[in-house]
Amino acid sequence: MNPRLHPLWSLILLLFPALQAQEPQPAVTADASGKIIIDTRGERPKPALFYRVVVDGTATIQRDRVVTEAAIDVTRIQGAGASYRIGLRGTDKVAAVTGDSVGSWAVRQEGAGTRLLEVTVKTPEVDTHRFGIRIESEPFASLPASSELTHFAPGGKETASFHSVLALAFAGGTTGRVTTAEGFLPLGNPDGNTKTVRYQTTTGGKLVVQVKRSGLAPEPVEFYGLGLRGAVDATGKTAVFNLSGNVKVSEPGASVTILGGNAALTNAPQETGGRIVLGQEHGAPVLRLVFPNAGDFPLDLDFVAAITEDGPWRRLDFTVGSSAVMPLCLTALEEGTEFTNAGGELLPEHESGNWLGFLPAGGRARLAWKPGRPATEGKLFFTTSALVEATLGAGLLRQDHRIDYRILQGEIESLVLDLAGEGEVVAVEGAGLTSWQVVAEEGGARRLEVSLGKFLTGETSLSVRTQTPLDAFPVKAQLVRLTPRNAVRHSGHLRLANVGSVRLDPATTEGLAQLSPEQFPGNALEARQVFVYRFPSADYDLAVAADRVQPEVGVSQLVTYEVTETERRLSADLELDIREAPIREW
């Protein structure tokens, strides 16, 4: 009889290699009853540290910065350890970490844009700890401003659970709104306060708030009664200015930008109640007035501004502290000086020998001017451009001339136009026109004289309508041409179109360049034939041959004859195909 192994011994043989590979090796025995006894020797591994983090914080948005205060509860779930890590999202400074169990703390930079707050406790055997944390942002340069709030996030794999609630409170005369909330969920306020906004996150994210001054809150530093007076130096390189008025300070330690741009103080201001400090805004140096105490103080500031040259133009560009209404007075410039506001510069007006204007609310003084030319009566120079619409139909050629005058120098007392062609003038329209007449000259030439109620300068337009009677078709017609006298240059566009069943054939096109119909600068025209030309000078001529279009008619018919006992009937269906021109009778 073959011996057979007991089933328990078979299990032992299977487990033995695996048990033998472990360190230390357990002792495996079996008693007579079949029980397997495994005797293990060694220490069990310690459990890893896991903890839960709950954050309840408030970010107070003040006029000059953001201050975040939070209470953090850390509860150990398993394991042992004396240090707890909490993630930080943002760049603001951790000012303080407080708590009875706080032994030490540090902010560590783990990577690009990632920071960890590591807190070491005094009593690691205690499972629950509470920390108080204060975070302060960098001061705002000015309001309105955009700020990314620093908040908390899980600190690593040891954080088994993370829950953070951050409340936003606007204080110190500020208001605003959240523009970006990535990774956050908005929450309601249990106390019903609508002025505080609460957000909750379990992973961290991005929270950006737009801050501006409340309309009901006064500025910490306000100017009133300000005035800026300056004079351009005889060399034309600099301008000396004086800024005078009063300052009202409502908050001790408040500051305000008093001077920036291409300007510098000539002497330190006296009895202003503050001190001048050098600061920086948008990467440029500025001078700021810092007031240690609140109150009302006089302001008397002398400074010099540099004048830059840009071709014929002279430019000033600097910034001063300003009030709601701040007048500017600039002297030592001639009355004929020409100012421009093409780039957003100020445009002062000349009055009583001074140039007067008002600075914008931001206090930026930008001026651009060039010396004026002596006022002399110059010779008349002007250019003209024409837009001619010509339509030719049965018996008549109609033309509408629109002539635009651009006066470069001098004044026009009356308008005179040379009239070429056999047509007659039927209407003349224009601004300031009092009367018009066609005058015949020697040799058969004619001219159109237009009387004006006042002298013309700048730009003006004149509209003239002419018509030319035509003989029976076929006919050749010469277009009427109007040429302004004494114009430096005359150019324009001409469009010729047919009306009705007329076929046009331009015969003479001297001094004309033909264009496509879409290139005519006027409105679109629907006609069977449209010719568009451009003439660069007054020396052009256009003659056109016209003939009536004979219609082509195709007929198809279906005729039925019916013969009855008493009569005969004829029924016909006719279909006419009319081409080229309409027909009046059939």
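## Basis of the model

Because the model is predicted, local features need a pLDDT of at least 70 and side-chain atom pairs count only at pLDDT 80 or more, while totals for chains, interfaces and linings use all residues. Residues are numbered from 1 along each chain as its sequence is written, and side-chain values use heavy atoms, with hydrogens and water left out.

## Overall make-up

The protein chain has one helix and 46 strands, where helices (H or I, at least four residues) and strands (E, at least two) are DSSP runs numbered from the N terminus. Of the 586 residues in the protein chain, 34% are buried; buried means under 20% relative accessible area, exposed means over 50%, and partly exposed lies in between, with a 1.4 Å probe and protein chains only.

Among contacts (heavy atoms within 4.5 Å) between residues at least 6 apart in sequence, 70% join residues at least 24 apart. The chain exposes about 34400 Å², of which carbon and sulfur atoms supply 49%; accessible areas come from the Shrake-Rupley method with a 1.4 Å probe, and for residues only the protein chains shown count as cover.

## A three-stranded open sheet

Three strands, in the order β38-β44-β41, form an open sheet with antiparallel pairing; two strands are taken to pair if DSSP finds at least two bridges between them. Since β38 (475-478) and β41 (502-510) stand at the edges with a single partner strand each, one side of each is left without a neighbour in the sheet. From one strand to the next the twist averages 25°, an angle between N-to-C directions on a scale from 0 to 180 degrees, with axes that are lines fitted to C-alpha atoms.

Eight bridges connect β41 with β44 (residues 541-548) in the antiparallel sense, and within this pairing Arg 503 has Asp 547 of β44 as its bridge partner.

## Pairings of strand β33

Strand β33 (residues 412-420) is joined to β36 (residues 446-456) by seven bridges, and the two strands run antiparallel. The bridge partner of Leu 417 in β36 is Leu 448. Strand β33 also pairs with β39 (residues 481-484), in the antiparallel sense and over four bridges, with Leu 419 opposite Leu 482 in β39.

## A nonpolar surface patch

Val 553, Val 555, Leu 574, Leu 576, Ile 578 and Trp 586 make a nonpolar surface patch of about 580 Å². Patches are made of residues with over 30% relative accessible area and no salt bridge, like charges being joined within 9 Å and nonpolar side chains (Val, Leu, Ile, Met, Phe, Trp, Tyr) within 5 Å; a salt bridge is a side-chain nitrogen of Lys or Arg within 4 Å of a carboxyl oxygen of Asp or Glu.

Strands β45 (552-563) and β46 (568-579) each supply at least two residues of this patch, and β46 gives the most, with three residues. Val 553 is found in β45.

## Two residues in their surroundings

Lys 370 belongs to strand β30 (residues 364-370) and is partly exposed, with a relative accessible area of 23%. Leaving aside residues up to four places away in sequence, Lys 370 touches Pro 312, Trp 313, Thr 337 and Glu 338. Its C-alpha atom is separated by 9.3 Å from that of Gly 336, a residue 34 residues apart from Lys 370 along the chain.

Thr 460, in strand β37 (residues 459-469), is buried, with a relative accessible area of 12%. With residues up to four places away in sequence not counted, Thr 460 touches Ile 403, Asp 404, Tyr 405 and Ala 431.
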